[in-house]
Number of protein chains: 2
Amino acid sequence: MTKYSKQIFQIIEHSRDHMTAEEIFQQLRNIYPTVVRATVYNNLHRLWEAGSIRKVVLEGQPDRYDRMERHDHLICKQCGKLSDVTLTDLTQQLEAQLGMPILSYDLKMTYLCETCQAKQEAERNDV
Amino acid sequence: MTKYSKQIFQIIEHSRDHMTAEEIFQQLRNIYPTVVRATVYNNLHRLWEAGSIRKVVLEGQPDRYDRMERHDHLICKQCGKLSDVTLTDLTQQLEAQLGMPILSYDLKMTYLCETCQAKQEAERNDV
DNA sequence: TTCTATTTTTAGAATCATTCTAAAAATTCT
DNA sequence: AGAATTTTTAGAATGATTCTAAAAATAGAA
């Protein structure tokens with residue numbers, strides 16, 4: 001692990017908001033002002049390959065990076081806000097239904113966040 | 001609905017293999033040889049926006065399009081093969097755990113397909 | 001039908017996240 | 001130290017997708 005990969009790993013582990021490569025790059029530049037974007041991409045790739053970080057792929061957005069710890073994702077259908085929830089592990093249940101083992105699963109749920117719910121409520125009253 | 005959107009919708013509904021925009025474009029050209037890529041993208045976007053088709057976003061691949069009918073996805077970790085499975089609807093269960101309603105969910109599971117399992121087995125015997 | 005408005009298609013340029021390339025620098029191994 | 005490997009760098013390249021502005025098609029109203 002180099003100073004860059006260590007730092008990038010730290011940034012991801014300690015951020016609760018699923019940063020993009022660009023955001024990580026910006027933050028890393030505060031510490032190492034000469035670092036280059038490719039270094040961030042290289043390290044993210046290596047960390048992900050090594051199974052040290054998760055990649056969260058959302059439509060129409062640059063990839064986001066996330067800590068490994070088991071958890072699921074909630075995405076607001078309106079504003080796209082991404083948040084974490086930890087539901088009970090479904091692995092057993094899924095394997096039982098499939099009748100075979102799985103390696104992992106990725107569960108994303110869409111909902112309407114409080115802010116967007118409030119907005120929608122307001123609109124309804126306006127009209 | 002225009003001839004193009006109708007046809008594109010048909011292609012997606014009748015294909016079991018989650019086609020990319022490019023693949024749909026190639027197939028559409030067999031019927032309408034002068035059609036242009038942008039038309040495929042435009043129509044895919046409209047169909048998706050209208051909730052008539054699903055978009056399957058996988059890492060490092062162009063987006064794939066899928067029929068709407070409720071089902072989940074299995075992805076081979078090795079070769080990337082994508083297949084459909086229909087497990088019991090988890091909505092109730094998820095909502096109960098979350099304590100709030102959700103709009104939809106997207107469940108992707110990774111596994112090792114038969115082919116890749118066989119390959120891995122063979123390698124193990126070779127070494 | 002004829003005029004007008006809206007939607008769709010087209011061609012090609014533009015975008016933008018990400019990957020690639022090849023050289024330089026840093027690190028590790030012997 | 002010297003050689004080999006890994007990482008970083010700068011910048012070009014890639015490639016899926018979106019955008020733009022004009023042309024064509026379609027739908028609606030008179």
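## Contact between the two chains

Between chain B and chain A the count is 0 salt bridges, a salt bridge being a side-chain nitrogen of Lys or Arg within 4 Å of a carboxyl oxygen of Asp or Glu. This is a predicted model, in which local features need pLDDT of at least 70 and side-chain atom pairs count only at pLDDT 80 or more, while totals for chains, interfaces and linings use all residues. Residues are numbered from 1 along each chain as its sequence is written, chains are lettered from A and ligands numbered from 1 in the order in which they are written, and side-chain values use heavy atoms, with hydrogens and water left out.

The interface does have 9 residue pairs in polar contact, both residues being at pLDDT 80 or more. A polar contact is a pair of N or O atoms within 3.5 Å; within protein, one must be able to donate a hydrogen and the other to accept it, and residues adjacent in sequence count only if both atoms are side-chain atoms. On the side of chain B that touches chain A, α4 (91-98) and β6 (104-111) of chain B each supply at least two residues. The element that gives the most to this side is β6(B), with 8 residues. Helices (H or I, at least four residues) and strands (E, at least two) are DSSP runs, numbered from the N terminus. By class, this side of chain B has 17 nonpolar, 5 polar and 5 charged residues. Here Ala, Val, Leu, Ile, Met, Phe, Trp, Tyr, Cys and Pro count as nonpolar, Asp, Glu, Lys and Arg as charged, and the others, Gly among them, as polar.

## Area and strand pairing between the chains

Chain B gives 27 residues to the contact and chain A gives 27 residues, where contact means heavy atoms within 4.5 Å. About 2400 Å² is buried between chain B and chain A, and carbon and sulfur atoms give 64% of this area. Buried area is the accessible area (1.4 Å probe) that two parts lose on being put together, summed over both. In chain B, the residues that lose the most area to chain A are B:E59, B:Q97 and B:L103, together 21% of what that side buries.

Strand β6 (residues 104-111) of chain A and β6(B) run antiparallel and are joined by 7 bridges. Two strands pair if DSSP finds at least two bridges between them. One of the bridge partners is B:L107 in β6(B), which is paired with A:L107.

## Two domains in chain A

Chain A has domain 1 (1-68) and domain 2 (70-127) in the domain assignment; such bounds come from an automatic or database domain assignment. The C-alpha centres of these two domains of chain A lie 23 Å apart. In the contact between them, 10 residues of domain 1 of chain A meet 8 residues of domain 2 of chain A. The area buried between the two domains of chain A is about 760 Å², with 49% given by carbon and sulfur atoms. On the side of domain 1 of chain A, A:H18, A:R54 and A:L58 lose the most area to domain 2 of chain A, together 53% of what that side buries.

Across this domain interface of chain A there is 1 salt bridge. A:D84 forms a salt bridge with A:R67, and their closest N and O atoms are 2.7 Å apart. The two domains of chain A also have 8 residue pairs in polar contact, both residues being at pLDDT 80 or more. On the side of domain 1 of chain A that touches domain 2 of chain A, β2 (54-56) and β3 (64-66) of chain A are the elements that give two or more residues. That side of domain 1 of chain A divides into 4 nonpolar, 2 polar and 4 charged residues.

An open sheet of 3 strands in chain A has the order β1-β3-β2, with antiparallel pairing. β1 (19-20) and β2 of chain A stand at the edges, each with a single partner strand, so one side of each has no neighbour in the sheet. β1(A) and β3(A) are joined by 2 bridges, and A:M19 stands opposite A:Y65 in β3(A).

Over all chains the count comes to 12 salt bridges. Among them, A:E23 pairs with A:R64, with the closest N and O atoms 3.9 Å apart. This pair links distant parts of the chain, 41 residues apart: A:E23 is in helix α2 (residues 21-31) of chain A and A:R64 is in strand β3 of chain A.
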